[in-house]
Amino acid sequence: MTPTGTRKVPTYCYQCVAGPDLLNVVVEDGVAVKVEPNFGVTEHPAGGRPCVRAYGLVQKLYNPNRVKSPMKRTNPQKGREHDPGWVAITWDEALDLLADKLRTIRDAGFVDENGYPKLAVTFGAGGTAPAYLGGFPAFLSAWGAPLDQGIGSGQGMKCVHSEHLYGEFWHRAFTVAPDMPTTTYVLSFGNNGDVSGGVIGVWRHAEARGRGARWIQFEPHMSVTAATAARWVPIRPKTDAAVLYAILNGVLHEHAWRRVCDVAYLSRMTNAPYLVGPNGYYLRDAATRKPLVWDEKRAAAVAFDTPDVEAYALEGEFTVAGIEIGPDEQMIEHASTTARPSFQLLRDHVKPYTPEWAAKVSDVPAATIREVTREYLEHARVGATVEVEGVTLPLRPVAILLGKSVNNGWGGYECCWARTLLAALVGALEVPGGILGTTIRLNRPSSNRLESVRPGPDGFMAQPLNPTSKKDWQARPTSRSAHKTLVPLVSDGSWSGALSPAQLPWLFMGDPPPKWPEPTPPEVWIVGRSNPAISCWDSDLVMSKLKRFPFVAAFAYTQDETNWFSDLLLPDATDLESYQLFRVGATKYVESYWEHQGVALRQPVADSPFDTKDLTDVGTELSRRLGLLERYNEALNRGVALGVPLKTAQYDVSLDASTPHTSAEIWDRACRAATLALSKGREERDLAWFSEHGVYLVPFSRLNWYLHPEMLRKGLRYELPYQERLKRIGAELRARLHEQDIHWWDTQLDEYQALPPWKDFPEIWVDIARRHGKKPEDYPLWLLTSRSMQYSWGSQVSLPLMADVARHVRGHFGIMLNAKMAALHGIDEGDEIWVESPIGRQKGTAMLRAGVRPDVVVAIGQFAHWATPVAEDIQMPNLNALEPIDLSLIDATGSGSDLVRVKVYRTRHGDR
Amino acid sequence: MRWGMVVDVRKCVGCQTCTIACHEENALPPGIFWRHVVDVEVGEYPDVRRAFLPMGCQHCAEPPCVPVCPTGASQQRADGIVFVQYDMCIGCGYCAVACPYRARHMIHDQEWYFMAPTPSEKKAHDPERHGVMSKCTFCKHRVDKAPAGATPGVDPEYTPVCVSSCIANAMHFGDLDDPTSNVSRLREEHQPGVLLEELGLKPSLFYITE
């Protein structure tokens with residue numbers, strides 16, 4: 001019977017990692033008609049309001065271009081030019097087909113002849129996938145054997161990758177945010193937070209502007225965030241590190257550093273006083289192997305953790321005895337040697353990077369650099385304190401933010417290092433007003449950043465680095481992105497495969513480098529919420545490799561450019577059709593940090609219009625078919641996929657492991673367990689309660705936003721400015737690879753430097769033309785991309801409503817060029833133009849602007865679809881199709897910056 | 001009582017959340033937006049300013065669209081809300097010509113986003129609006145529902161949806177005649193301006209720019 005009347009169904013939108021955003025769907029007579037904020041959640045930092053994308057959810061539900069039932073490919077030939085020949089099948093047939101393929105793997109062995117898992121899965125979209133996979137991860141756990149998550153869909157290129165890895169290493173900051181409710185001054189290098197910061201970011205930035213906070217935006221074009229900033233500084237692409245280094249120079253050489261820096265913080269919370277020996281490693285006490293510092297009162301070197309040191313030497317040169325420990329435990333003994341504090345080395349290191357030098361590199365006037373340096377130091381208010389919930393903490397209301405393509409790819413390390421260091425210099429790291437980490441992904445427990453702080457070597461935090469020792473290094477990669485082999489920083493957790501050089505499988509498949517096991521096409525590839533044929537660089541290369549995949553099962557919303565190559569389309573129930581309980585509040589991605597924490601329910605709001613299936617039910621059915629049901633249920637009972645264990649010493653709401661359960665039954669248990677856990681056993685709320693109320697919250701102390709008290713409690717220091725550990729593991733990794741006669745990763749190994757110098761980063765991209773047999777001077781412009789709030793993630797490209805709305809935002813749907821530059825090329829507003837890189841060209845409509853550097857063109861988002869309904873009619877170029885997957889563009893963390901050198905010219909009549 | 005709005009342009013990020021929320025709230029057909037945010041760029045590189053200006057009907061105290069209407073369909077309520085009485089409108093478009101803010105939108109035929117209406121479009125569309133002029137109503141269907149004790153502009157359920165959906169808290173709605181209302185306080189504090197003041201239409205939308 002069709003329900004009658006109007007009701008509001010609470011749910012969430014997690015179409016970007018800044019969520020979940022809470023909302024209500026208004027349902028009339030069983031039909032979802034509109035989205036509204038959930039004003040009842042007064043604890044939400046942005047008033048319970050979702051952003052523009054959430055309002056597309058109703059159209060997303062009823063989109064007639066969706067895959068309406070499971071489909072099987074009938075055309076054995078794969079390629080863009082070959083229609084898959086889909087025929088509809090039942091869910092039973094579809095799941096049997098997939099289960100048969102998976103059973104073959106289980107029967108014949110999980111790993112192929114090159115050592116790679118035969119089963120690979122790719123769930124893209126920057127961390128949003130877990131909020132939509134339902135119980136499916138429990139099936140992957142029940143699989144019980146290696147599976148490969150290293151086939152990339154754009155990670156590393158599209159995320160803030162270096163920041164993820166180095167941020168988590170230095171201050172448990174997989175993502176970095178300003179403490180915006182308190183910050184008064186932001187230097188942003190391309191951080192487009194008013195587009196990418198989620199509703200909480202937008203809200204907090206606006207509030208800050210309202211109270212007079214000053215935001216300076218360095219960016220090659222005037223993005224939305226540059227528009228709202230107090231000042232836009234048009235910087236030359238990939239030169240951000242130069243300006244940051246010049247600010248360091250200003251702080252440490254043009255100002256009286258003892259007056260402007262937080263000397264106590266540097267002395268006690270960082271490795272600034274650690275003495276460094278002549279070989280670049282800490283000088284250590286020979287007996288205890290502890291790093292030494294110079295105690296000015298004793299006039300002697302003492303272990304860094306000596307409790308009564310009153311004044312640490314930060315400058316100077318000292319003659320001391322001790323040892324250095326180099327790579328592979330190599331011990332270098334010094335009866336007497338010269339050692340300098342790492343802070344002294346830092347000052348020496350940044351001395352050449354004057355504002356005048358940086359001006360030549362970056363096009364940012366030296367006077368501007370000096371001005372922002374002075375403002376930064378003034379706003380830092382070194383010495384100020386603030387009381388937070390009865391605890392006195394330092395107040396340092398300054399933050400430096402980095403954006404995508406600044407904080408990943410070559411130069412990402414240098415920018416992340418300089419930014420984090422500038423915070424540390426004034427004591428603004430992890431204190432009120434400064435920069436904070438908000439989420440962690442490589443350390444555990446991922447739900448509690450503070451608990452993840454554990455003592456590690458030399459007074460720093462522990463980090464689960466992949467081993468580089470002779471004994472433990474993984475010489476033969478077990479994932480196609482080789483995360484354990486090539487990237488020590490990325491660890492070996494559930495996210496690590498995807499956070500590695502995930503371009504390598506596409507690059508090396510069929511064309512491996514010397515001494516390297518060729519990444520094979522996986523026997524079964526399951527792909528969902530991900531479209532690498534559009535979102536990876538070098539679309540043609542990706543598609544040429546996709547053709548070779550023998551069996552692809554795609555969770556499919558509509559036909560798209562990747563599932564065009566698949567063998568099976570599985571229409572999973574989407575946002576408004578399926579159940580999932582998800583963590584909300586506390587500290588999460590981007591600027592999502594709250595004074596509450598809890599869980600929110602995503603739930604079906606109306607009957608699904610098509611034959612879709614909840615992914616939890618898909619996981620259950622596959623497990624049952626493969627004889628893995630008990631293991632699957634046990635995984636759910638452990639909390640896999642649910643985010644909370646169903647059985648602890650305090651409560652037991654576990655599932656009977658021997659029988660299958662519906663999605664509703666499983667999530668009912670998750671609701672009960674989560675509320676019991678959050679309330680410490682006082683309250684138990686079931687699915688029916690959540691269906692009505694949507695969210696369950698408990699207070700979360702604001703003190704938990706800051707790592708500082710935890711670091712003090714545990715007597716730990718931040719591993720800044722000197723990167724002795726990175727230098728050592730880099731040397732070890734070089735040795736390991738060379739022992740295997742592998743030299744093609746040598747350039748990446750150069751990144752492991754204790755104090756990274758400036759390198760000519762722009763030249764790396766200029767050189768791409770030469771590497772492809774072209775002349776660099778023929779490609780005089782930079783093509784950049786920029787986030788679209790309307791279009792990022794979540795299948796919006798197939799929603800005509802979103803196109804209708806997005807056309808009001810500058811840059812949709814054209815290629816933005818500087819008006820004067822365009823005139824020199826004879827290009828007028830609205831002209832059809834080619835954007836051509838050394839590997840291809842894309843057509844688009846010229847959109848002339850004043851707010852773009854003359855050497856830059858900008859294409860928003862990721863388009864150039866040819867199979868996705870509606871999107872295929874949008875005439876927008878895609879940077880990804882023009883950027884080669886090239887080893888020279890991949891940095892040590894496996895990431896690459898989203899920019900490429902191009903030329904632009906008008907199309908001629910008849911051009912195709 | 002006179003309903004009005006104060007927009008803090010310093011806070012607006014041009015995200016178009018208000019645009020889409022209005023579109024959905026009022027079940028508008030493709031291409032028709034009673035409100036949207038104009039993305040303006042002025043100056044020459046590198047001295048450039050870009051600003052976002054939420055635009056819609058200004059609900060003028062002296063609305064030029066009302067007297068030009070040959071049928072009396074274009075009306076103004078005592079509380080200042082300017083609206084179209086659809087069953088009286090003949091779709092002549094005089095009002096659209098008279099409006100200097102381009103805030104009136106003719107809905108010729110019902111159109112759908114796909115070949116056929118989706119269930120939500122079928123359910124929500126308003127056949128009364130075909131062939132007539134349409135415009136922002138200040139969400140009078142929400143404002144008028146406010147029970148005793150509830151205040152439009154304070155209680156989001158009874159506030160125009162563009163205001164209550166704004167993720168930058170850039171828009172405020174209230175009674176311009178009530179000196180204690182939020183909008184009156186903002187006007188007092190910031191002395192916001194109006195668009196095309198020289199026309200003397202006395203708009204009810206005020207913009208804080210500095």
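Student: How many bridges join E14(A) to strand E15 of chain A, and do the strands run parallel or antiparallel?

Tutor: In this predicted model, seven bridges join E14(A) to strand E15 (residues 331–341) of chain A, and the two run antiparallel. One residue pair to look up is A:Thr319, whose bridge partner in E15(A) is A:Thr338.

Student: Now a helix. Which residues of helix H20 of chain A are buried?

Tutor: Burial is read by counting neighbours: a residue is buried if 20 or more other C-beta atoms lie within 10 Å of its own. In helix H20 (residues 629–638) of chain A, the buried residues are A:Leu629, A:Tyr632, A:Asn633, A:Ala635, A:Leu636 and A:Asn637.

Student: What covers the buried residues of H20(A)?

Tutor: The cover includes helix H3 (136–143), helix H19 (615–625) and helix H21 (663–678) of chain A. Look also just past the end of H20(A), where A:Gly639 takes a positive phi of about 105°.

Student: Which residues have a positive phi although they are not glycine?

Tutor: The general idea is that most residues other than glycine have a negative phi. Among the exceptions here is A:Arg289, with a positive phi of about 65°. A:Arg289 sits in the loop between strand E11 (275–276) and strand E12 (292–295) of chain A. Another is B:Arg102, with a positive phi of about 50°, in the loop between helix H2 (94–98) and strand E6 (104–107) of chain B.

Student: Why does A:Arg289 count as partly exposed, and why does B:Arg102 count as exposed?

Tutor: The neighbour count decides. A:Arg289 has 15 C-beta neighbours inside 10 Å, so A:Arg289 counts as partly exposed. B:Arg102 has 10 C-beta neighbours inside 10 Å and therefore counts as exposed.

Student: Where is a peptide bond cis?

Tutor: The background is that most peptide bonds are trans. In chain A, the bond from A:Leu720 to A:Pro721 is cis, with omega near 0°. A:Pro721 lies in the loop between helix H23 (708–714) and helix H24 (724–739) of chain A. In chain B, a cis peptide bond joins B:Tyr45 and B:Pro46, with omega about 0°. The loop that holds B:Pro46 runs between strand E2 (36–44) and strand E3 (47–55) of chain B.

Student: Step back to chain A. How many helices and strands does chain A have?

Tutor: Chain A has 28 helices and 31 strands. To judge the overall build, compare the radius of gyration with the globule rule. The radius of gyration of chain A is 27 Å, close to the 29 Å that the rule gives for 912 residues, so chain A is as compact as a globular protein of that length. The C-alpha atoms fill a box of roughly 85 × 75 × 60 Å along the principal axes. Of the 912 residues, 64% count as buried.

Student: Into which domains is chain A divided?

Tutor: There are domain 1 (161–432 + 709–736) and domain 2 (760–906). Their C-alpha centres lie 33 Å apart. The contact between them takes 23 residues from domain 1 and 23 residues from domain 2 of chain A. On the domain 1 side, the elements giving two or more residues are helix H4 (161–171), helix H5 (193–196) and helix H14 (412–425) of chain A. H4(A) gives the largest share of that side, three residues.

Terms used. Residues numbered from 1 in each chain as written. Chains lettered and ligands numbered in written order. Predicted model: local features only at pLDDT ≥ 70, side-chain atom pairs only at ≥ 80, totals over all residues. Domains from an automatic or database assignment. Contact = placed C-beta atoms within 7 Å. Helix = DSSP H or I, 4+ residues; strand = E, 2+ residues; numbered from the N terminus. Rg over C-alpha atoms; globule rule 2.2 N^0.38 Å. Buried ≥ 20, exposed ≤ 12 C-beta atoms within 10 Å, placed from the backbone. Pairing = 2+ DSSP bridges.
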